[in-house]
Amino acid sequence: MTGRGVCYIGASVGIVLMPQDGETTEQLRENVDLALYRAKHNGRACACFFNAEMDSSARDRRQIERDLREAVAAGDIGLVYQPLVAAQTGRITSAEALARWTHPVGPIRPDVFIALAEECGIIDQLAEQLLRQACVDARNWPADVRVAVKLSPLQLVSGKLVETVGAALAASGLCPSRLQLEVTEGLVIRDVERTFDQLEALRSLGIQILIDDFGVGYSSLRYFQRFPFDKVKLDRSFVEQVTQSNAARAIIQAVVGLGEQLGMAVVAEGVETHEQMEALVAMRCTHLQGYLFSRPLPVTTFCAMLESQRSVVPRQDSQAA
């Protein structure tokens, strides 16, 4: 005979009032859905009344979604490139590809439209376009300069990632060893085994794999036992505090030591001052990235920088940037 179990049930509630929130069943259903969404967003087991602000926000979001779908279909989402430099020489070794969308009403932040593309199911199409463009652009760079492209978690869920990356390399003619793919810790933890299986397949093609924003969120040293990352990118929050915080310096030194033992390069991103640069070089970070060296650049401007192949001189106005 089995024992009795206890089940706890909670609920989020959206509330509409008639006639002020709608005079038809369809209007009331749409508005109560908005109120329910807000209740869930505010925290589980909450109740929320509909108001006109929700309707306005939802209409704005639906318009942006329609515009985003049209922009993706037309290939209007572009790329800019922010260089990474070798800490010891200042020379550009790679560039991170960053998506940009200039909406008719003005630029929309990448975190906003990337998240929206994930929500409305067009992230695979968008990510494939951006990956192909990054590979085509990088093909014209010097052979010792790589391009880094960040992956969306949903690209690994679809199971098409290895095929998509292989097709982009084949279409562009870019050597696989010149492509770097960045994953976040949050991406890895969603499905560790499935993620690493796909990363190993990509690594077997000659592609470099980076782990981004390391040190926050779901940090786990077991990842380094499971997979040999080529580079680890320190989260910018540690770089911001490197000259003021003993804890930040200790964490950076620990990651650098780990990188040296495991053969991983260590990238400090978000470098904005000469003092930060000097501290990071002294702590043996291998690569640096940030406004001190360059803002993200259109591809033509970045190519002009590469053509000179000179060391990147830190910007004199960087502390005011």
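Select Pro-19 to start: it is found in the loop between strand S1 (13-15) and helix H1 (25-42). Helices (H or I, at least four residues) and strands (E, at least two) are DSSP runs, numbered from the N terminus. The model is predicted, so local features need pLDDT of at least 70, side-chain atom pairs count only at pLDDT 80 or more, and totals for chains, interfaces and linings use all residues. Residues are numbered from 1 along each chain as its sequence is written, and side-chain values use heavy atoms, with hydrogens and water left out.

Stay on Pro-19. The peptide bond from Met-18 to Pro-19 is cis, with omega near 15 degrees. Most peptide bonds are trans.

Next, select helix H4 (residues 123-138) and helix H6 (residues 161-172). H4 and H6 pack at about 35 degrees, their axes 9 Å apart. Axes are lines fitted to C-alpha atoms, for helices over the stretch in contact, and angles run from 0 to 180 degrees between N-to-C directions. The crossing of H4 and H6 is right-handed (the near helix is turned clockwise from the far one by less than a right angle). Show side chains. In contact (heavy atoms within 4.5 Å) are residues including Leu-131 and Val-136 of H4 and Val-165 and Ala-168 of H6. By class, this contact has 8 nonpolar, 2 polar and 2 charged residues. Ala, Val, Leu, Ile, Met, Phe, Trp, Tyr, Cys and Pro count as nonpolar, Asp, Glu, Lys and Arg as charged, and the others, Gly among them, as polar.

The H6–H8 crossing is right-handed. Leu-161, Val-162 and Val-165 of H6 meet Gln-198, Ala-201 and Leu-202 of H8.

Now turn to the largest pocket, about 1100 Å³ in volume. A pocket is an open set of points on a 1 Å grid over the protein atoms alone, where a 1.4 Å probe fits, with protein on both sides within 12 Å along at least five of seven lines; lining residues have an atom within 4 Å of a point. Grid points are joined across faces, edges and corners, and a volume is the space filled by probe spheres set on the points. Select Glu-96, Ala-97, Leu-98, Pro-110 and Lys-150, which lie nearest the pocket's centre. H4 gives the largest share of the lining, 6 residues.
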